[in-house]
Amino acid sequence: MAVYLRDLSARSPTAADLPAVKELFAICARVEGEQEGHEEDGDLSASWQRMDFQLSSDAWLILTRQGQVVGYGAVWSVALAGAEVAQGSNWAFCVRVHPAYRGRGIGTLLLRLAEQRARAALEDIVVSERGCALLTTTVAYSNRSARALLEREGYQLERSFWYIVIESQTQAAWSERGRLTLELELEEEERSAPASRGPARLLEPVGRTLVRHYCCYEKQLLPGALNLQQAEQRKA
């Protein structure tokens with residue numbers, strides 16, 4: 001299915017676009033319940049400077065006619081512990097869409113661009129070593145539209161976890177800075193569980209407490225050529 005943008009344009013970002021992309025991250029974070037902004041801002045700056053990451057081929061912007069950045073997507077290679085597939089075939093991606101522009105196909109387009117890039121990289125791997133490209137992403141549990149898009153595009157929920165940060169107003173025993181970070185992984189996802197059963201209800205506020213619920217999705221991608229062959233076989 002083709003995706004068309006109305007009154008919007010797409011292009012690769014440049015270094016000058018970094019402040020606008022960070023602002024988009026912050027807007028999305030606030031809508032998704034992360035009132036303090038998005039902690040990936042620092043990682044975003046660092047990722048753009050990675051030797052194996054090229055803005056011209058690994059990232060995309062969606063802009064309005066006025067030049068406002070309303071969509072961002074990026075994909076990068078990752079090393080997975082214990083992976084048995086060929087090097088360079090494990091990828092992660094992120095997609096951010098301005099809340100006012102969701103439901104217009106922007107997220108779908110950016111996701112498919114990320115998949116296309118991962119497949120293209122997989123084609124460069126020696127044929128004898130070629131396998132499936134594992135594409136992963138992490139989204140906020142509260143972002144139901146993103147989760148629905150991923151599931152509709154064939155992604156499977158791999159795990160779910162709570163990310164908890166507790167900053168005490170006084171010095172705490174666990175850290176000289178008085179900061180404790182916890183990551184609680186859930187073995188089974190209870191999608192219909194009421195909010196009162198989550199970890200947020202089990203914590204008494206002391207200083208500042210941040211509680212975030214995330215879902216990790218993954219999908220195996222075959223090289224582009226193999227996908228075309230399969231599509232022809234299905235039509236036949």
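Me: What is the mean pLDDT of the chain?

Reply: This is a predicted model, in which local features need pLDDT of at least 70, side-chain atom pairs count only at pLDDT 80 or more, and totals for chains, interfaces and linings use all residues. Residues are numbered from 1 along each chain as its sequence is written, and side-chain values use heavy atoms, without hydrogens and water. pLDDT is the predictor's confidence in each residue, from 0 to 100. Its mean over the chain is 75, with 63% of residues at 70 or more.

Me: Which residues touch the most other members of the largest nonpolar core?

Reply: In soluble globular proteins, nonpolar side chains tend to be buried together. A nonpolar core joins buried Ala, Val, Leu, Ile, Met, Phe, Trp, Tyr and Cys residues through side-chain atoms within 4.5 Å; buried means under 20% relative accessible area, exposed over 50%, partly exposed in between (1.4 Å probe, protein chains only). Of 28 residues here, Ile62, Val75, Phe93, Ile106, Leu135, Leu150 and Tyr155 touch the most other members. Helix H4 gives the most, eight residues.

Me: Is Glu153 buried or exposed?

Reply: Glu153 is buried, because its relative accessible area is 16%. This residue lies in the loop between H5 and strand S6 (156-167). Leaving aside neighbours within four places in sequence, Glu153 is in contact (heavy atoms within 4.5 Å) with Thr108, Leu111, Arg112 and Lys219.

Terms used. Helices (H or I, at least four residues) and strands (E, at least two) are DSSP runs, numbered from the N terminus.
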